[in-house]
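This report looks at how two chains meet and then at the fold of one of them. Please keep the sequence and the structure in view while reading.

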Amino acid sequence: MTPRTRRVLEFVFDNLVWFMLILVLAVFSMLIPNYFQIGIFTNIIEASSVLGVMSIGLALVIITGHMDLSVESVAALAAMAVGILFCSAGIGLGIRLSPEWLMIPVSLLLACAIGALIGLANGVLVVKLKMSAFIITLASFIWVRGIVLAVSGGRSAQDLAPAIRWFAIERFLGIPLTAWIAIACFLIFSIMMAKTPFGRHLVMIGGNETATFRAGIRVTRNLLVAFVMAGAIAGLSGWLLAVRTSGATANLGVGLLFNAFAAVVIGGISLKGGVGSLPGVYAGVLLLSSINTAINLMGLPANFTQVIHGFLVLAAVLLDTFKQRLRQRLA
Amino acid sequence: MKRLLAALLGLLMLSFATQASAAAPSKGTVYYLVPTLLDEFQTGSVSALGLFLGQVGYDMKTLNADNKTELQQSQMNDVIALKPAAIILAAVDFNALKPSIESARAAGIPVVEFDRQITSTPSDFTSVAGTVEIGHIAAEHAQKLLTGKYGTVKGKILQVLGDPGDPYTLDIQKGFEEKMKAFPSVTIISLPALQWEASAAGTIVSDQMLANPDIDLIFLHAAHLSVAAVASLEAAGKKPGDVMLMSSNGAPVGLDLIRKGWLNTEVEQPLYAQAAAVAMFMDKIVGKQAIKAGEYDVVGLKSVVTIEAWGPNIKIPGSAITKENVDNPAFWGNQKPPTAAIKSVE
């Protein structure tokens, strides 16, 4: 095999999810009337904003070889906090700040701070006390959703302050600002992962934690920061959830965790850690979102969505194994 | 020290005596097994049942099954061991709870089915809104709205169901589509929002409004789903009235949307009446007395008790809420429980 062929093959392997996305979009455009239009593609990008942002946080932890199952509940709690404070109907307190734009940074900071605090708690227990990330974050997944239920009493907050809601209504280049936030997050975190020592250290930790520690890298601190970041990003996805639905219900975001996992795995992040990139995750998110949209437009039973997602994850894992073997052969 | 101890003991005895004289003797404890507390109807049912059962002399304790069948089965078994005066069950799964109902009744504990009718095995009383009937009422209003627009019943309806595993939404769908069959010029697109999740409903609405911009009416099976639908319509530049909207269950958020002009009709599930009916008949249920068939007035609503193969069954009609009657305090969405105390049926 020539070096050129090898490079081409490696490029294809590394970006397989993007090729899958293009293929899926082309097939749906041929099969479903009304699918091939700007509006639908805009919808796909918009619908993927919450999932996309949540997947970034999850990917940051998974790439280190750890796990964060709490992100869905963290998002729900952040959404509920924003809903209760800044919604004017239902259980919303209808707090208004002057000037009104002040509500944007305040609500954003609140959502991210809630997430960061839970992330910190998770991180301390996992990293400092060496407890299983799976168990600790599973417990957080449960108790945080419990708090959502307790503070809301099962009721909903409705009618989010127009200053915050503006993000869901206003568009730039035809795409809602909520989607731009997700795109910006992917750009920023992709650069961080690829170009900063912190990003590279996270990948190294996932590759071999002991070797990274022996190389003099502060593994504990980096892992702790990854958990805090994952929490804060989950808080941001909760903020987006509240903005998109103009409020919060106690079951808001239920099931997002599994979709985020699917997106991360499909996007090429290895569950063992150390492998993957965030642009791939974004392609995974868009792939899932385009399939959901297709299911909506075809009128297939929604349970079908889960079947398809399940098979997609399975296919992604098989593909990942296949890629690793082929890489070894190429090497 | 001795004086201090004596004073404390005295205070303790005094507080016991005061409590004993203040509390009216309870007729017993009734357990309410609520399927979930994730929506306003369910949380409302806990407070309404607690209030009305208290008025007829019972204490109530609630156990939340968190939408998990196996958890509700264990809860039933635990409660049977406690030998309560009665169990009120809003089943997560109709078939799976059948053996538990049979065990409770075999242990001499009356079982009341609340909101979710189980017909496969007898129980001591059933209080339901009639979910199929909610679908019928919704269909009548859909016909009115489409006639108002076109002069005849025609057009396109997007029906957003709740979770496809929940019989509540499937029954409403059944009732709605049953009545709409008579109008072949109406196209109905039905899509479910998995786990009753609001943002899923919002996504369905935004996708469908693009693929089928000629949708005339959107019917959502819960008020909290219509909040997300309105958010999607608003994001798409729509104003109140541009697309006709209906939803069901009568939650406070639905009533707010009617006031804001987004929602045309909300078909209420008569929560207060459903709960009041249970309280009205509780003495007879606990005393294992016969319940007579016939018409009863339940907080102002004419309701019918029939004796079915699965036991006495009260069906309470849901009502359509529109701009004209939205402020009626009888609707549970206005959160003003009836002021007159519930009285037991003689």
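With which residue does A:Arg165 form a salt bridge? The partner is B:Glu234, with the closest N and O atoms 3.3 Å apart, a salt bridge being a side-chain nitrogen of Lys or Arg within 4 Å of a carboxyl oxygen of Asp or Glu.

This is a predicted model, in which local features need pLDDT of at least 70 and side-chain atom pairs count only at pLDDT 80 or more, while totals for chains, interfaces and linings use all residues. Residues are numbered from 1 along each chain as its sequence is written, chains are lettered from A and ligands numbered from 1 in the order in which they are written, and side-chain values use heavy atoms, with hydrogens and water left out.

| Item between chain A and chain B | Value |
|---|---|
| Residues in contact | 38 residues from chain A, 33 residues from chain B |
| Buried area | about 3,000 Å² |
| Salt bridges | three salt bridges |

Carbon and sulfur atoms give 53% of the area buried between chain A and chain B. A:Gln158, A:Asn251 and A:Asn296 supply 19% of the area that chain A buries against chain B, more than any other three residues.

Technical notes. Contact = heavy atoms within 4.5 Å. Buried area = accessible area lost by both parts, 1.4 Å probe.
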